[in-house]
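Visitor: I would like a close look at a single part of this protein, and then at how the rest is arranged around other such places. Please take one residue to begin with and go on from there.

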Amino acid sequence: MAESKSANRQAARPRGIVTRYGERYALLIAWLLVAVLVAVAIPGIFLRTDTLQTIFGTQSVLLVLALGLLFPLLTGLFDLSIASVLTLSAMTVALLNAQHGVPLPLAVLAGLGVGLVVGAINALLIVVFDLDSFIVTLGTSTLLLGVVQLVSQGQTVSGVDPTLTRFVTSIRVAFISLSFWGALLLCVVVWVLLTRTPLGRRLLVVGRNPEVARLSGLNTRRLRAGALIACSLLASLAGAVSVGTQGGADPTSGAAFLLPAFAAVYLGATAVTPGRFNVWGTFTAVYFLVTGITGLQLLGVPNFVQQLFYGGALVIAVGLSRLARRRSVRPTS
C-alpha cells in the first residue's frame, strides 16, 4: 500500500509542476499570444518601433497608479480615490507652474503633497474612525473631482515647463522613453519592499487575517494607514508623470485610469504568485491590457469595444483572482 501511495505521488508530481508553472505564467503566455494575433491581423504595422514605443513608453502613468493600489488591497482595503488624486495632483502641478510661475520642482513637490494629505485623510476616516474604505474613498473621490473643477474652471491647463515633458517622454534609453524605465525601477523598489522586508510580510498578514495579525502583536492600524498613504502618494506621482506625458493637465483625464488600474491589479493576482496581489503580475497585466487595447485601436474598432475589453478583463480577473486565492490557502493533504 505504501509503495502504491509513493508511486502515485511520483506520478502526480510532474503534473503538479506543470499546473503550478502554468498558473504562474498563463498571463504572460496570453500577452504573447495577443501580440502575435495582432501582428498577424495587421502585418507591418504592429511590430514597428513606434508602436512598441507607444505600448511601453506611454503607460508609465497606469503602471505607477496600479503599483500604488497594491498597498491597500494587500491589507484588505479599497481605494477608489486614486484616479481623483492623480487628477488633482496633475492639476496642482500645472496650475502652480503654468499660471503662477512656481518653479517646476516646487510644483511637483506640491502635487506629491496633495497625495500625502488625501492619503492621511483617508487613513483618518478609515482606520481611526473605522469607516468602510469603499464608501470613504468613493466620497473622497467625488469631493476631489469637485475641487478639480473649482480650481480649473473645467478647463485644460497647458503651458507647463517643457523640461518635464522632455524628461518624461523625449529622453529615451533603448528606444523607450525614460518614464518606462523609471516605472520599472519603481516596480523593483516596491517588489523588494513587499517581498524582501518584514514590512511586506506584515502587510500580507494584515490582509489575510487582521484579527490574527493584531493578536500577534502587529500594529494593524498603523500598517493600514501607511498603506493608504503610500497609495495616495504613488497616485499623486502618477499625476506628475501624466503632466509630463501630456504637457498639461486635463480635469477629466484621471477617470480613464481607474478601471484599467483595478483590472491590472486583479488580473496580476492570477499570475507569477497566484492568489496574491503582486508587483510582476501587475506589470504583466498592465502590458497585456495595453497590448490588447493598442491592437483594437489599430484594427479600428469603436471605442465602446475598448470599454468592453477593460470591463470584461476586470470581471474575469476578479473571478480568477478569487479562485487563485482559494487554491493558494487550501490546506495540502
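**A serine and its surroundings**

Guide: Serine 177 is located in strand S3, which covers residues 176-177. The model is a predicted one. With a relative accessible area of 6%, serine 177 is buried, because buried means under 20%. Its side chain makes a polar contact of 3.1 Å with the side chain of serine 179. Setting aside neighbours within four places in sequence, serine 177 is in contact with Gly57, Val168, Thr169, Ile171 and Arg172.

Threonine 87 sits in helix H4, residues 82-99. Its relative accessibility is 2%, so threonine 87 counts as buried. A polar atom of the threonine 87 side chain lies 2.9 Å from the backbone oxygen of alanine 83. When residues up to four places away in sequence are not counted, threonine 87 touches Val148, Asp250, Pro251, Gly254 and Ala255.

As for valine 286, its contacts beyond four places in sequence are Leu62, Leu63, Ala66 and Ala264.

Tyr25, Leu28, Ile29, Leu32 and Leu33 make a nonpolar surface patch of about 460 Å². Isoleucine 29 of this patch is in helix H1, residues 2-41. Isoleucine 29 has a relative accessibility of 48% and therefore counts as partly exposed, because exposed means over 50% and buried under 20%.

Finally, the protein as a whole. Its secondary structure comes to 14 helices and four strands. Of its 333 residues, 44% count as buried, serine 177 and threonine 87 being among those described above. The accessible surface comes to about 16,500 Å², and 66% of it belongs to carbon and sulfur atoms. Among contacts with a separation of 6 or more, 77% are between residues 24 or more positions apart.

Note on methods: Residues are numbered from 1 along each chain as its sequence is written. This is a predicted model: local features need pLDDT of at least 70, side-chain atom pairs count only at pLDDT 80 or more; totals for chains, interfaces and linings use all residues. Side-chain values use heavy atoms; hydrogens and water are left out. Helices (H or I, at least four residues) and strands (E, at least two) are DSSP runs, numbered from the N terminus. Buried means under 20% relative accessible area, exposed over 50%, partly exposed in between (1.4 Å probe, protein chains only). A polar contact is a pair of N or O atoms within 3.5 Å; within protein, one must be able to donate a hydrogen and the other to accept it, and residues adjacent in sequence count only if both atoms are side-chain atoms. Contact means heavy atoms within 4.5 Å. Patches are made of residues with over 30% relative accessible area and no salt bridge: like charges are joined within 9 Å, nonpolar side chains (Val, Leu, Ile, Met, Phe, Trp, Tyr) within 5 Å. Accessible areas come from the Shrake-Rupley method with a 1.4 Å probe; for residues, only the protein chains shown count as cover. A salt bridge is a side-chain nitrogen of Lys or Arg within 4 Å of a carboxyl oxygen of Asp or Glu.
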